[in-house]
Amino acid sequence: MSATIADTIYQALSEQIVTGALQAGEKLRQDHIAREFDTSHVPVREALLRLEAHGLAISEPRRGTRVSALNPSEIREVIEMRVALEILALTHGFARITQADLNAAEAARIACDAATDMATWERCNRVFHRVILAPCQMPRLLAAIDDLHIASARHLFANWQHQWRPRTDQDHAAILQAMQRQDAAAACEILRRHLRRVG
């Protein structure tokens, strides 16, 4: 039961940090969070440890846990790592991609294009990338990519939130088309271009 509560708390706080609702340096007080979610301190502590593990929070002796600072210089590194790791995942998963995976990716692509606010778009965008990469069946690789998605999402919200507009993502459609015709080289090349453009 507490794992589910910890999951809920982690999801809620991570989304607030990613979107900038919780600012860098803001204190994450265990007692306040426990009251807000009507729970004990145990799942709150678990959620805060997960936020730290994902680079979203930092714990300081005698000062408690705070939202971690956003380092503008790290975005280039994040993009380069995403390019390397997402292409690795897509390459390894290509032979295992099923029609169900393609259908799920198409549903995520449509949801992404239909999003009317940036938070919804970012969630759907993350789902699209996760669906096309999951067939690699490499949990450590996928966990590393998830962390990079969180980092790049924070930078997107910090820098592009006011310029964001609903749009059709031609790259997502092109990646899917390449996957449907089983053209791994083209899918990887479009993904590489897509990630660099986003960065």
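Is Gln-137 buried or exposed? With a relative accessibility of 57%, Gln-137 counts as exposed, where exposed means over 50% relative accessible area, buried means under 20%, and partly exposed covers what lies in between (1.4 Å probe, protein chains only). The structure is a predicted model, in which local features need pLDDT of at least 70 and side-chain atom pairs count only at pLDDT 80 or more, while totals for chains, interfaces and linings use all residues. Residues are numbered from 1 along each chain as its sequence is written, and side-chain values use heavy atoms, with hydrogens and water left out.

On to the overall fold. The chain has nine helices and three strands, taken as DSSP runs numbered from the N terminus (helices are H or I with at least four residues, strands are E with at least two). Going along the sequence, their order reads α-β-α-α-β-β-α-α-α-α-α-α. The radius of gyration is 18 Å, close to the 16 Å from the globule rule for 199 residues, so the chain is as compact as a globular protein of that length. Here the radius is taken over C-alpha atoms, and the rule is 2.2 Å times the number of residues to the power 0.38. The C-alpha trace spans about 55 × 35 × 30 Å along its principal axes.

Take contacts (heavy atoms within 4.5 Å) between residues at least 6 apart in sequence: 74% of them join residues at least 24 apart. The chain's accessible surface comes to about 10,700 Å², and carbon and sulfur atoms account for 54% of that; these areas come from the Shrake-Rupley method with a 1.4 Å probe, and for residues only the protein chains shown count as cover. On the charge side, there are 24 positive and 24 negative side chains, with the centres of the two sets 3 Å apart. Lys and Arg are the positive ones and Asp and Glu the negative ones, leaving out His and the chain ends, and each charge is placed at NZ of Lys, CZ of Arg, CG of Asp or CD of Glu.

Now the strands, which pair if DSSP finds at least two bridges between them. Strand 3 (residues 64-67) pairs in the antiparallel sense with strand 1 (residues 27-28) over two bridges, and Leu-28 has Thr-65 in strand 3 as its bridge partner. Strand 3 also runs antiparallel to strand 2 (residues 57-60), joined by four bridges, with Ile-58 opposite Arg-66. Three residues lie between strand 2 and strand 3 in their hairpin, where Arg-62 takes a positive phi near 65 degrees.

Positive phi turns up in loops between helices too. Asp-38, not a glycine, has a phi of about 50 degrees; Asp-38 sits in the loop between helix 2 (30-36) and helix 3 (41-53) and, at 72% relative accessibility, counts as exposed. Back at Gln-137, phi is near 55 degrees, again positive in a residue other than glycine, and the loop in question runs between helix 6 (118-133) and helix 7 (139-160).

Arg-76 and Arg-196 are 120 residues apart along the chain, yet their C-alpha atoms are separated by 9.3 Å.
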